Structures are given as C-alpha cells and as structure tokens.
Amino acid sequence: MEYNFREIEKKWSKTWEENQVYRVENQSDKPKFYVLDMFPYPSGAGLHVGHPLGYIASDIYARFKRLKGFNVLHPMGYDAFGLPAEQYAIQTGQHPAVSTEKNTTRYREQLDKIGFSFDWSRSFKTCDEKYYQWTQWIFLKLFGSWYDAKAKKAKSIGELIAHFEENGSEGIIANASFEGQFSAQEWKSMSEKEQEDILQQFRLAFRSLDYVNWCPALGTVLANDEVKEGLSERGGHPVEKRKMWGWSLRVSAYADRLLQGLDQVDWTDSLKEQQKNWIGKSKGAQVIFDVDGHEDVQIEVFTTRPDTIFGVTFMTLAPESELVEKITTKDYQKEVEAYITQAKNKSERERQADVKNISGVFTGAFAKHPLTGENIPIWVGDYVLGSYGTGAVMAVPAHDSRDFAFANHFRIPVKQVISADGSIATLLEEAFESKNGILVNSGDFDGLKVKDGASQIVKIFNEKGIGKWKTNYRLRDAVFSRQRYWGEPIPMYIENDMPKPFPEEELPLILAEVDEYKPTAEGLAPLARNKDWKRNGLPIEPNTMPGWAGSSWYFFRYMDPDNTEEFASKEALDYWQQVDLYLGGSEHATGHLIYSRFWTKFLFDLGLVPMDEPFKKLFNQGMILGRSSFAHRIKGTNQFVSYDLKDDYDTAPIHADVAMVENDVLDTEAFKNWREDLADATFILNEKGQFLCGSEVEKMSKSKYNVVNPDDIIFDHGADTLRMYEMFLGPLDQSKPWNTQGISGVSNFLKKFWRLYHEGEQFQVSDAEPTAEELKILHKTIGKIEQDVEAFSLNTSISTFMIATNDLQKLKCNKKAILAPLLVVMAPFAPFITEELWAKMGNTHSVHQAEYPVYQEALTKDSTAKYAVAFNGKVRFQLEVEAGLSKEAVEKLAREHEKTPNYIGDKQVRKVIVVPNKMVNIVIG
Ligand code: ANZ
C-alpha cells in the first residue's frame, strides 16, 4: 500500500480534533509542564515556511514531554492588535477587526495542516473583549500602585496616601520621580489636583508628556519606523517631534529586580547580556554646578568618573534640556534655537550612532566649577541624550572620547587629569579612558589612584552638599500610549484636568466605532473622533495601549482562559506556575521580554501570581532565509537576458517570484502575466533555450518574492515531511537558507519508513522475538533521541531516524517489538504517519497518548567483541570473544586459538599487543 499522506493527514487532523486529543486539564496526577511559543501577529500575508520553525520544535518537545508522562500545557493564540491591520483599515475603510478575523482564520488553517498539538480550547486573541478586559484591569492596578524601594516591592497608592496624611513625605523611599518634601499638614492643605500631581510621580502607570512624531502635512502621528531621516515614509513630508500627553509605565522602578532576576533563569548568556545592556546599570555620582549670573539655576550632571572633576573644561546640555532656554544669553539665542529645531528631527538612536558628524552650539553662559570656582562654558550638543541621567554632562575631553571629539571640533581646551605613570602629555592624541592611573593636575588629590580619588572627591561633594554617589539605569520608563485606533482603550477619563480610573466593574471599556481610523485635526487619537467617547459627559482618554500590552501577560491567561471573574484563578496559577520552556525569535530579547518580566514581577508583588519570573528556560530559534531569484533587465528596456549571458549587457536585476522559478529556470510566460509592466517583456534565452535567473540568499519576506508557502509543501509532500525537513535543515538556533529541492531526501526517507511496516501492498508486522541486533538499533535510537530532544538538537534526531530505518531495512526487520516502540519515539516528529501505522497495528488509543519506551542501555552494548588476530602485523584470522574481557584474557584466548600454532611455527612469541575491541598483534621472531 502506498504512503498516501494527503488522506492520512486529513483523517487524523479530524480525529484528533473530534477526540480532543491535545486538550489538557488544570489538574492531573502527572507532573505539569508548560511549553509556550511567542504568539504570532496574524499578518495578511499568512505563514511562510520560516514561521513554523520554532513551533515545530516546541511541538516536538511538548509531544515528547506528554509521552514521557507529563501533563503538558501547549497553547496558541494571537497578538492581534497592531499597526498593519490599522494601516489596512486606513487604506480600505474596513474595520481592523474584520481583516484581523480573516487573518487569524487563515493562520489557524495553516497551523492545523502542520499538525500542531495545541490545546485550541484555550486560544484567544488580544483584541477579544474578554481578554483585554484584564489587560485594562492590570493597567488600573499599575495606576493604583507605587514602588516602595525599602520593601523592594510595589504597594497600593492608598497606603502611600495614608502615609502622606500621617507623616507627609518623611520616611518614604520610592522608585519614583518625585524629589521634594512636604509635611502631613502641607499635604492636607493641597488641592486634589496638587495631590494628584504628586501621586502621578509615584504611580506605576502615569500620565506623561511624550515626544511623538508629528507630520503636519499628513496631519498625523507616525510610528518610529514610518519616519526615515526626518521625513515621513509616505510622501516624504517633514516630521517633527511634538510633545503630547500620553501614558507611561514606570518600568525603571523594577530595573534592579529585572537585573537580579536574570540569575534565576535558564537563558542563553547572549540573551542575558542583551537584557543587562538594555537595563544598563551604571554607578557614578550626581554633581551640582552653579550657573554664573543665575541664582535660581543649577546644572546637575551624572558622571561615572567623579575622579576627573578637575579635567572639566566645558559642559554640554542635551538639546531637549529645559535649562537651555533659561541660560542661553541673548547673543546666542538665534543660533541655539536653530540648532534645537534641527536636533529635534533626529532620533536618539541616530544621535548616538552618529559619531562622525559632531554638532553643537555655545549658549553664551558659564557654569562655576564646584571645586576650583573657574568659569566653564556651557554648550548644547546632541550627543547628550535628554532621557539619560540628568540630560547634562560635565565634559572631560582628556578622558572621554565623545567629549574629546567635541572639544577638538570646537577648539575647546583639553586638560589631562589622569595619567598612567604620573607624567603629563603635552598634547593628547586621543582620550585616555583607562581607569588604571593616578590623578594629576587635581590639586590636593594628585597622586591618588582613580578609585581612591573618586571616593575622596565624592566625600568632598557630600560635605559641601553638592553631590553624592548615584546608581543610574539606562532602562527608560516605557511610553504606554499610541495615537492609534487598533489597540486596547486606556480605561481612564479626564476630570478637572486629572486622570480618573474607570471603576473595575465597568470593564471592559470597549473600543468604540469611529468614522475614520485617523487622528483628529487637532492631532488627537482616532477615538476622539467619536463624540460619545465620554464617561458621564467627561472625555475618555483617546489614546490606546501599545502593541506590547496584550503580550505582557498572555501566558497567564492560557492557564484559565474562560475565567470571567479573574484574569486567572489562583488554583490555575498555582498549578501551572512558570512557563517551563519558551521558544521564540531573538528580536524580542529586549522589548517583550523586559515588559513581560516587569508585569510578572508587578503581579507577584500584589500577590496575584505565585512567580517572580515568567519564563524558566528560553530558547531562540534562528531564522529561515529565503533564496531570492532575480531576472536581469537590460537597462532602459523591457528586455531581459538569461543570467549566463548577462555580462554582455548593461543590466539591472529585479526580483522574480520564486514560485515562477524552478532550478533557476524562469517560466517566462508566468513572469509576463505576473505584473502589468512586464506584459510586453522580451527575453534573450541561452543556448539551451532557457532563461536563467540569478539568486541570492536574503531574509524570507513577501517583499522579496522569495516566500515559500508551507501549504504548497504540505500539498506536495505532506506535513510530516515538512516538519522533519524543517528540523533537518540544521541546528535550531542558527539561521539557514530554505531549499525546496532538498526536501526529497526527507520525503524518500518517510516512504522507506512506511515500507518497513509493509510487505508489498500489505501492511505486515510480525510477532516474532527480536534479535539482539534489532534491539540494539531500537535502544540506540531511543537513547539518542531522548538526549537530542532535551538538548534541542533536533537536526541530529532526524539523521538518527534515517540511520535506524536503513539498518532495520537491511535486517528486513518487521517485528512489532521493534517497530511499535519506534513509532512512539518518532511520533513527536511525524505525528501523522506514526498515528496511521500505530492504528494499523490494532491500537485503539492514539500513539500520542502512548507511553514512551524505556531506554535500556544494556541492550545497546555488544554481547561479543571481534578481534582481528595478526602475526607480525599481518591479519590471519578473526576471533570472536565475550564482550568486556581484559587484555590479558583476550591475549590468552588468541594464544590458545587452534590456528595460532600454524603461524608461530618454530618461532618465539616476543610480544603481544591487544587493542581493545579491535585487534591482537602477535610479534614473533
Ligand atoms: C564625566 C566623564 C569623564 C564621563 C570621563 C565619562 C568619562 P554610562 O556608563 O553610560 O552611565 N553621560 C552622562 N549622561 C549622559 C547623557 N544624558 N547623554 C550622553 N552622555 C551622558 O556613562 C555615563 C557617562 O556618560 C557620564 O560620565 C557622562 O560622561 C556621560 F572621563 O562624566 B561622564
């Protein structure tokens, strides 16, 4: 009987669904195991073969764990709010919910075909009201909390208010932006608005004035990736930074715990390193500089090198610093304003990356050096970021390369204050950044080592009340609002210019309808277009939550997806605990993985979840790259030339859809029909009458016309082949190119595997006892696969199955005792074919609910050992002995062998060399 994968896969998909084979309960006698994939955004383009790579690996793991006796939670859902659906809505006028629904349905169909063992009964979309109700609920909790730095945890804002009423701000140490002081009396005499303004500086979700990309010509706010070099991607109009009210989350409050938590998780070093850099803990000092002629203005700087204070020759303010306006003198006003406008259009990343284009402007003002009293010119420069530290630096060109470049460019003096050996260079060629050295040119501190100098100098700062040690984090508070429509509404309304939370019982706050998915003429988010977007006549916040809101806690919802009373029940959370294995792309190393850890820690502080870290083990799969095809067009014409002839012409390549190309040969008719502008294309063919395309390996993407649709592969070869081939491509964590031609190897292997269980057309397995050799093949396979799966070395697993199949075929083994357990071991990889053969063996339960065969190491060992016996190096006969004998015992058996005397004759045995399990060499002479 032929291996009819189409029929088999269709049949079992249906049966599994009907019997709910992959449904999992929140209780079991078995130990629990939670395997999760980073959930997808269902784009209109559907899945290409690169997308399921990680899902296949995690599915293999989930299935393996189930067979090994675990109660496995393996869910899937959709991160469904987001820009592409909204963009499509803007273009077509269609509600984003409609395209989202269409796209998820298509995703589901594609995923089902691949045979994943998801428990679909737990699925949801982040745009479901029943889900985002709880995203909004968590937001309200964040709004109602502050971070107590003494207790190192979040607490309710009610507690803080009670403290203020009793003691004022005295005794509160918080990770917050508030820095003042007030008494209980003062607190009580404040207006509600004044009190709220203070509370806002403590709340973990707070209203913030944020910069947005405002495009006046388009009358809209643009996302960062819609702006290229200060111009809108659409239309090329100028884009400016504009401050608008929005919301932020105080992620920075958790910086230290986010750092420490990394010690508790089993992630790769590189991933941990990326998180550490993102959090960016930096120890230094905060120092105050007075400004000449301004009693009321001080400049506070953050420096990691207080030891270099005597080397400060200028100060630099970030262009967005509020101080700039205050201190700039009349003469310099124009220049400074022009500079600030220009700097506004660059993103922080561009500013930091651009080390070559040095720019800045003098403000005309001077600061006072806190220890020498000297005048120090104050500049504005865009290499200083407004959002880091204090947005101002004390510039020490001799010991900081950015300051050095700036000083050189503007001819500002450079003063060396650290020296490796105490000598002072007449001219520094570059900044001396090393901390191995002693202080020079530093008054009383000369001769001290850097570390000692720093602590002595900070001691003086303390005494003078002008500075102290301070730890800074690069991690910024996260902007939590978008001027967009397709996101979770923020459950806040505005009363007397104060944000007020919706009562919990009024959630969900459902996304209202709007006439157009664009901001209002005043630049307010689209929801403001709806005149009824009000609560009791008061305006509701028109911004919506960012794309990452729903993905920051979805892993909890899978534990209890239908709960209408809580985001998940305590029992469900206590039962499932952490995600044991999380699989996804490395592009989420900083965003999603920081935010979801932050939300988990916050919920943990409130006693709402039992774990402080959400993901125990994390694995990043690599990317599958596409092989793009190019047709070469003769410049200025619509004539194309075969790749092998192209050097004779002046050509430029254009992408040709890989669906029209086979073995680099282009189907020219299909190409002409592909696009209107190609309808009259002509072709110069090669000698064979073919048109060849050039090729290149690039990211697999619809825009590069190199996507391979898994549906097509499944139609041609079956899902089991697709699954195994994707794993066979190479190590899971590496990027590798897709090559459809290579698939026939795996496809042939599965046909061969199928034939093991058949005699001609007939399904045929025997009840005969297996031989030691057959058992050895089986158990070696079991052992290797167990090892591989635990180590995610799934490519080598596929080779192991291939070898086992070949070996068993050679032995003509069709014994049930071997072939049945082999099915169980291969079931996670190829769930359909194994289920079919399993059923044919007469089993009535699914192979996916079978028990994993127990690996017996003893059976993998040979019972005998074979030796070649040689005389003076010449092999004369073979000797088979019991396995595991000592060298002496083997030598004895070789000497006593009946043939041995023939070769020794009348000579003497001088030496016997035994190479274990290989050979015995008898030296005679
Ligand atoms: C004086 C100094 C002397 C500095 C020296 C360095 C070397 P990390 O490690 O990143 O925390 N800095 C402070 N705030 C900044 C801002 N908003 N934008 C750009 N640069 C800023 O680095 C802290 C150092 O980066 C600070 O220490 C400051 O320069 C600069 F020999 O102060 B330093």
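## The second largest pocket

α14 gives the largest share of the lining of the second largest pocket, 5 residues. Helices (H or I, at least four residues) and strands (E, at least two) are DSSP runs numbered from the N terminus. A pocket is an open set of points on a 1 Å grid over the protein atoms alone, where a 1.4 Å probe fits, with protein on both sides within 12 Å along at least five of seven lines; lining residues have an atom within 4 Å of a point.

The model is predicted: local features need pLDDT of at least 70 and side-chain atom pairs count only at pLDDT 80 or more, while totals for chains, interfaces and linings use all residues. Residues are numbered from 1 along each chain as its sequence is written, and side-chain values use heavy atoms, with hydrogens and water left out.

## Lining and volume

In total, 36 residues line the second largest pocket, and Y383, V393, D400, R402 and D403 lie nearest its centre. Two or more lining residues come from each of β11 (294-303), α13 (348-353), β15 (392-395) and α14 (401-410). The lining comprises 13 nonpolar, 13 polar and 10 charged residues; Ala, Val, Leu, Ile, Met, Phe, Trp, Tyr, Cys and Pro count as nonpolar, Asp, Glu, Lys and Arg as charged, and the others, Gly among them, as polar.

The pocket holds about 900 Å³ of space, a volume being the space filled by probe spheres set on grid points that are joined across faces, edges and corners.

## The ligand and its shell

The ligand takes up the space of the second largest pocket (more than half of its atoms lie within 2 Å of the grid points). It is surrounded by 17 residues, the closest being S282, T303, L385, Y388 and R474; a residue is near if one of its heavy atoms lies within 4 Å. This shell consists of 8 nonpolar, 5 polar and 4 charged residues, and β11 and β15 each supply at least two of its residues.

A polar side-chain atom of R474 is 2.3 Å from an oxygen atom of the ligand. A backbone N or O atom of L385 lies 2.8 Å from a ligand nitrogen atom, and a polar backbone atom of T304 lies 3.0 Å from a ligand oxygen atom. Of the 640 Å² of accessible area that the ligand has on its own, the protein covers 87% (Shrake-Rupley method, 1.4 Å probe).

## Backbone features

L507 and P508 are joined by a cis peptide bond, with omega about 0 degrees. P508 lies in the loop between β21 (498-501) and β22 (534-535).

Y705, a residue other than glycine, has a positive phi near 50 degrees. Y705 is placed in the loop between β32 (694-699) and α20 (710-717).

Note on methods: Polar contact = N/O pair within 3.5 Å; in protein donor to acceptor, adjacent residues only side chain to side chain.
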